[in-house]
Amino acid sequence: MQDRGAMESVIGKGRRKFWYLMLASCLLWLLLIYMYLSALKVDEDHASNSGHIVESQVKETRSALHVSATGNAIDNFFIGGDWDKYLEEASKTYENSRPDQRDQMVAKEKPDMESAKQTGVGKTAVIESNSTSGSESCSGRYIYIYDLPSRFNDDLLKNCKSLNEWYNMCPYVSNNGLGPKLNNFERELSDNGWFETNQFTLEVIFHNRMKQYNCLTNDSSLASAIFVPYYAGLDIGRYLWHSDRSMRDRDSNSLVKWLRKRPEWKKLWGRDHFMVAGRITWDFRRLKNWNNDWGNRLMLLPESRNMTVLTIEASPWHRNDFAIPYPTYFHPATDEQVLQWQNKMRRSKRRILFSFAGAQRPNMTDSIRGEIIKQCQAAKKKCRLLDCTSGSRKCYEPTYVMKLFQSSVFCLQPPGDSMTRRSIFDSILAGCIPVFFHPGSGYVQYIWYFPKDHNQYSVFISAKKVRNQKVRIESLLSRITKTKIMAMREMVIKLIPGVIYADPASRLENLEDAFDITIDGVLVRIERIRKDIEKGENVSDDDWEEFTWKKSLFGTIGKHEWDPFFARKENT
């Protein structure tokens, strides 16, 4: 009987514990339901910050990801692998959090506005010469824009049908130089900020961005720099295939004649002046005065050699031009559009190991494009080719280009007609790791925009080894570890804001785009020149100009492993 009583006592205690557990479980479920319903009551402002949060979580926990160090089965990692699973979880964490938690997360990601004010980032007021507000923040940053005769800029746009012999440029100079808006019909792009931008409209885009610069002045005596809004690329584009050299030189000669008469010019003889020439430097460096020699002589004029000239490809052997990014198709109006696009690129599933968008150069004996295309075709499922031979329109359709690059881990960027390509910036925009075959394609060009350590964001393969068939691109890329790929891809995605030009009709709040970085670079260079003049140093010393690429990138002109790539050929 005692045993029976003891047993009933134990059963009674067990029942009470069971009901306690049931009650606790019910309370827990009620709490979870309450939290879920609360999370659904997020207003539109909270929702717009989702891009900040996922990016923040990616940065904070990337080191916790467990990634195999082997270089095999790369595709398995990017298709439903650890990276994609993590991003999905990060997104769900944000969506299921309470509104107050989201506010705390967003607050962590917002930049230090006091710091932004000190550096001049994020301001919106235009500073005029008779204004005292904002004078401290604009100290050393005032820029004066010349009001040039209209034949140097506006008249070129009015006569836009004459700007190119092969197609009508009028649609492309619309929308402040951005071109027609793109429809996101295949959902490869984002819904806003995309335009059919021509690679040669940078002068128009830059000029319109310059008009909304936050430290403009009407008093040239206050200016640290003078902007010359001459559309040099659009001008010469009309005559590049014209046989009359005097026609090609006419406007550039007229411009420098106009500049020499200005009091602003005589102050430092143009060394505080800068301009944008939106084509490659070789279009402005005609070495001989033969009618059939290419380009004009703008970059060789004494006045131009004193100025800072910004081109989409600079000469590695001259120091008066600096390379700035080609315009891409993406021109965001807000910070959120940039962050959302970066997030989208982190999520993109990359089923292709490497890809190439381009055509052969059969008339160029040193071109490696034929060998690259051959290796891509041999790689079958590992490589995808977007053929840009004559008659193919896909290479000129932004959706096809971006779709290919967004699906690729690596994007091959061999030289074409010149060392650089717009495709470099399209691939970075797509989060695709660029593969260079000549250091002059990116490393010695865009020194204000890319890390000096090129291994952080790119792969370098010597063109000579490809030409001599001593390297298999597929094999080399397949050996790169997943950890290294992930780090490079993250760096590429971080580069996106600094290589795009924001919509001139709006203004980014806290992010710096290519325009902002360019202005910083110009102001630093001009200030350095001004100090050298004050010290009495010879700013025209040409002893090291031959090694400009080396001096700019490494600060020295000593021997370097890249010297063979830059050995001067006759008449270059």
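**Exercise 1. Burial and overall make-up**

Work out what share of the protein chain counts as buried, and describe the chain as a whole.

Solution. Step 1: of the 572 residues of the protein chain, 51% count as buried, where buried means under 20% relative accessible area, exposed means over 50%, and partly exposed lies in between (1.4 Å probe, protein chains only). This is a predicted model, in which local features need pLDDT of at least 70 and side-chain atom pairs count only at pLDDT 80 or more, while totals for chains, interfaces and linings use all residues. Residues are numbered from 1 along each chain as its sequence is written, and side-chain values use heavy atoms, with hydrogens and water left out.

Step 1: the protein chain holds 22 helices and 10 strands, which are DSSP runs numbered from the N terminus (helices: H or I, at least four residues; strands: E, at least two).

Step 2: among contacts (heavy atoms within 4.5 Å) between residues at least 6 apart in sequence, 74% join residues at least 24 apart.

**Exercise 2. The nonpolar cores**

Find which residues touch the most other members of the largest nonpolar core.

Solution. Step 1: a nonpolar core is a set of buried Ala, Val, Leu, Ile, Met, Phe, Trp, Tyr and Cys residues joined through side-chain atoms within 4.5 Å. In soluble globular proteins, nonpolar side chains tend to be buried together.

Step 1: the largest core has 103 residues, and those touching the most other members are Phe206, Met210, Phe274, Phe410, Phe437 and Phe450. Helix α21 (residues 514-534) gives this core its largest share, seven residues.

Step 2: leaving aside neighbours within four places in sequence, Phe274 has contacts that include Ile143, Phe206, Met210, Leu310, Ile519 and Val522. A second, separate core of 21 residues includes Phe152, Ile226, Ala232 and Met307.

**Exercise 3. Disulfides**

Determine how many disulfides there are, and describe the handedness of the link between Cys138 and Cys215.

Solution. Step 1: a disulfide is counted as a pair of cysteine sulfur atoms within 2.5 Å, and by this rule the count comes to four. A disulfide is a covalent bond between the sulfur atoms of two cysteines.

Step 1: Cys138 and Cys215 are joined with an S to S distance of 2.0 Å, and the torsion about their S-S bond is about -75°, so this disulfide is left-handed. The two cysteines are 77 residues apart, with Cys138 in the loop between α7 (113-119) and β1 (143-145) and Cys215 in the loop between α9 (202-211) and β2 (225-227). Both Cys138 and Cys215 are buried.

Step 2: Cys160 and Cys170 are joined at 1.9 Å from S to S, and here the torsion is about 95°, so the disulfide is right-handed. Cys160 and Cys170 are 10 residues apart, and each lies in the loop between α8 (154-158) and α9.

Step 3: Cys411 and Cys432 are joined at 2.1 Å from S to S, and with 115° about the S-S bond their link is right-handed. Cys411 lies in strand β8 (residues 408-413) and Cys432 in the loop between α17 (423-429) and β9 (433-436), so the pair ties together parts that are 21 residues apart in sequence. Cys411 is buried, with a relative accessible area of 0%, and the value for Cys432, also buried, is 0%.

**Exercise 4. Strand β6 and its partners**

Decide whether strand β6 is enclosed or open, and identify the strands that pair with β6.

Solution. Step 1: seven of the seven residues of β6 (residues 352-358) are buried, so this strand is largely enclosed by the rest of the structure.

Step 1: two strands pair if DSSP finds at least two bridges between them. Three bridges join β6 to β8, and these strands run parallel, with Ser355 opposite Cys411 in β8. β6 also pairs in the parallel sense with β7 (residues 383-387), over five bridges, and Ala357 stands opposite Leu386 in β7.

Step 2: β6, helix α15 (residues 369-378) and β7 make a right-handed β-α-β unit; right-handed here means that, with the strands pointing away from the viewer, the path from the first strand over the helix to the second runs clockwise.
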